[in-house]
Each structure stands twice: as C-alpha cells, then as structure tokens.
Amino acid sequence: MKASEIHELTNDDLKTALADSRAELFNLRFQMATSQLDNTARIKMVKKDIARILTEIRERELSEAAQLFEIEAQAASTADTALSID
C-alpha cells in the first residue's frame, strides 16, 4: 500500500487496514515457522505498511491536538482581552 493511498483513507478505514495488516503479518510469520512461506520479502512489505499506517494515525492525532490548542489559545486571548477592557 502506497503512502498516497493511506492518506486518502478515513480513520475507520485506517484502523481496519491496520488490523488486517497485523493479521497478515501473523499469518506470514506462522507460514515462515512451518516452512510454507515462498515470498519472504512479503514480511518486510507488510511491516512497512503497518509503519505507514501507524505514522498516518499519529500525524492525524497530532494535527487534531494542535487544532484544539489553537482554539483554546484563541479563546484564552479573547477572554483576556475582554477582561482588560472592563
């Protein structure tokens, strides 16, 4: 999964993709342990997909927190201005 595809997903879709990728990684590890895995490079690709998804989730959390901080700062400065006028 490309990063551009991950950016387009909703939060619920990201959680679903993360769960699916983790399940796939588990299955790949199980296949590797039983010597049934043909494409060992797939493990590396799935790990990178998981990292990309987790990064996108964290970026969204940080941007939401920054927006809330800005709103609170604006509200505080507005309240300070209203108090100083009186």
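Select Asp 49 first: apart from neighbours within four places in sequence, Asp 49 is in contact with Met 1 and Ile 6, where contact means heavy atoms within 4.5 Å. Asp 49 belongs to helix H3; helices (H or I, at least four residues) and strands (E, at least two) are DSSP runs, numbered from the N terminus. The relative accessible area of Asp 49 is 10%, so this residue is buried. Buried means under 20% relative accessible area, exposed over 50%, and partly exposed in between (1.4 Å probe, protein chains only). Display the side chain of Arg 52 as well: the side chain of Asp 49 makes a polar contact with it, at 3.1 Å. A polar contact is a pair of N or O atoms within 3.5 Å; within protein, one must be able to donate a hydrogen and the other to accept it, and residues adjacent in sequence count only if both atoms are side-chain atoms.

The model is predicted: local features need pLDDT of at least 70, side-chain atom pairs count only at pLDDT 80 or more, and totals for chains, interfaces and linings use all residues. Residues are numbered from 1 along each chain as its sequence is written, and side-chain values use heavy atoms, with hydrogens and water left out.

Next, select Glu 56, also placed in helix H3. Glu 56 counts as buried because its relative accessibility is 7%. Its side chain makes a polar contact with the side chain of His 7, at 2.6 Å. With neighbours within four places in sequence left aside, Glu 56 is in contact with Ile 6, His 7 and Leu 14.

Move to Ile 53, another residue of helix H3. Its relative accessibility is 0%, and Ile 53 therefore counts as buried. Residues up to four places away in sequence excluded, Ile 53 touches Ile 6, Leu 14, Ala 17, Leu 18 and Ser 21.

Now colour the largest nonpolar core, which has 11 residues: Ile 6, Leu 14, Ala 17, Leu 18, Leu 25, Leu 28, Leu 37, Ile 43, Val 46, Ile 50 and Ile 53. A nonpolar core is a set of buried Ala, Val, Leu, Ile, Met, Phe, Trp, Tyr and Cys residues joined through side-chain atoms within 4.5 Å. Helices H2 and H3 (41–85) are the elements that give two or more residues to this core, and H2 gives the most, with 5 residues.

Within H2, the buried residues include Ser 21. After H2 comes Ser 35, whose phi is positive, near 60°.

Finally, zoom out to the protein chain, which has 3 helices and 0 strands. Its C-alpha atoms fill a box of roughly 75 × 20 × 20 Å along the principal axes. Buried residues make up 17% of the 86 residues. Of the contacts with a separation of 6 or more, 65% join residues 24 or more positions apart.
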